[in-house]
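Welcome, and please have your viewer ready. We will walk from one selection to the next, with a short note at each stop.

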Amino acid sequence: MKGSISRRDFLILTARGAGAAVVSYGLMGCATDEDDEVVSSVSFNHGIASGDPLANSIILWTRITPDTDAELTVSWEVSKDQTFTELVSTGNSTTSTSKDYTIKVDVVGLEADTTYYYRFISHGVTSTIGTTKTISNGSPNSVKLAVMSCANYPAGYFNVYNLAAQQEDLDAVLHLGDYIYEYARDEYASENAEALDREVLPATELFSLSDYRTRYAQYHSDPDLQLLHSKVPFITVWDDHEIADDTWQDGAGNHNDGEGSFEERKLAALQAYFEWLPIRPWSEGNNEEIYRHFAFGDLVDLYMLDTRVLARDQQLDYADYFDGSIFFDEETFNQDLYETERNMLGTEQLQWLEDSVTVNTGRWQLLGQQVLMGEMKLPGAIALNTMSTSDYEELGGLALLAARIEANDPSLTTAEQTYYAENADKLTTEVLSQLSFPTLPYNLDAWDGYATERDKVLDIFNNNNKNLVVVAGDTHNAWANNLSNADGTIVGVEFAVSSISSPGLEYYLGINDTVVEATEDGFVSLVDGLEYVNVKDRGFLTLTFTQDKVESEWHFVDTILSDQYQELTDRSTVASSLANNPTLVLATE
């Protein structure tokens, strides 16, 4: 976390409410249900979960469903064995409608690098048994993490969660955001929702605390999400859709006039997030600060960042610089893009990161955050969506041919001259203007839209001579980038994960199966620093750290439109980077 927390600090936080987390120190006994006489039965419909593992503590979570509204007593047990004969922590607390019947327990005083089993009990009903694990405080031989993001319930089944649950020896799951989506029924990626019986609840877009709670409850009813939560601790950050699409600190692309106060909507969304996720709160009522640090012994320092809520300035919009036809205002765009005060992390979070990196000594420094950090610039005509990649290849080739003809190139063939004569009319004034546009960022919502602050982040690691690895979600596609600073020096590597169910470039660009590989090759050839992309498949990645190297393996499923699926092994890809040599190597090379 941001720093070590003592027993005294825990007691102070507990006395203040600690963001609705209860601290459990050991064997405290379990309460009876005498105060719950109005309740005749309860159930654990939404599973159990653990999260934010430290070397000596971990968060446990569940949600209880009573048959009538009343304050409810809930007990928990933590054991070293599945029969619960070696109990190490027990206790009880109450929950009610004020917490949406969720309960969060911070179990402290645990042993490092140890597997524990836990369960909850209320009104004689016992939850399923969960498995969790503390992290090492020594010198682990390896650390293995699963990384995932972007789960859109109506788009399809959560087979990716199920596949991840089959992984062996995971130390934790990093969920990089878009744990839920805020859209109404029949909106984004809902074409198959009715047929799959996955239409969202509530049916409307999410605005109120009740709305967000209802959507989280629906997600937590999913058996594959429940399975993964019950087996591995999660370390989470939010992205935009936990509030609304393209969120920044004061608004969102999907928060429109007539939809009420964005601030009230944001606070409702963040409260529901802290209620329904196994994340460790810092203080009572503080649902906005989530950037934090985890040390996996002396091997990996993990920094979970908030690139959305605390300090992000509004995204730039190409519509403000492009007339839609032939003119792009490059000068004004660059002035705005490289504005020195333009923030994504903000001064306080950036300073915390620099201070932490300076003193932490893990072999690897890992940034867990939401959006692509690698520079992803494309020819302007493609970035501005005036040409497809295939159109750009054809028309750009035709323009080069025209230049060779004008220069009387002696190597011109008869076939080339004939081809040009038959297609010269395609080089209109508009096309020629668009072909002359500069290379531009593919996504202004990503770090490419906040380039100056990105340079500051990369300089922190470069100046401290650290082995930097960045993971990212958000795009719904898998990527691997070499990360370069403003001087062009490679200072780290980035592994970006595909989505759990949200559609990617194959959906937005209409890429069919026959041109998938050609499109992927085209991206790699067009983008400096990009070594790998998957434009089509849903999946997650695993990161395995050792003293010598970090290895990323992307795992994909063959379908999300049936709950019967197979791992798409022919699309699995491995990339690695050696310590003190920040350059990506694909397994096929």
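Start by selecting D323, which is partly exposed because its relative accessible area is 48% (buried means under 20%, exposed over 50%, and partly exposed in between, with a 1.4 Å probe and protein chains only). This is a predicted model, in which local features need pLDDT of at least 70 and side-chain atom pairs count only at pLDDT 80 or more, while totals for chains, interfaces and linings use all residues. Residues are numbered from 1 along each chain as its sequence is written, and side-chain values use heavy atoms, with hydrogens and water left out.

D323 sits in the loop between β18 (300-304) and α7 (330-337); helices (H or I, at least four residues) and strands (E, at least two) are DSSP runs, numbered from the N terminus.

Next, select residues 262-276, helix α6. Colour by burial and α6 turns out mostly covered, with 11 of its 15 residues buried, among them F262, L270 and W276. The cover over these buried residues includes β4 (57-63), β8 (102-108) and α4.

α4 and α6 pack at an angle of about 35 degrees, with their axes 8 Å apart; axes are lines fitted to C-alpha atoms, for helices over the stretch in contact, and angles run from 0 to 180 degrees between N-to-C directions. On the α4 side, the residues that meet α6 include L209, Y212 and Y216 (contact means heavy atoms within 4.5 Å).

Move on to α10 (residues 389-406), where L395, G396, L398, L401 and A402 are buried. Their cover includes α11 (414-423) and α12 (429-435). Just after α10, look for N408, which takes a positive phi of about 55 degrees.

Finish at N443, in the loop between β21 (439-441) and α13 (451-463). Is N443 buried or exposed? N443 is buried, with a relative accessible area of 18%. Leaving aside neighbours within four places in sequence, N443 is in contact with D448, G449 and D474.
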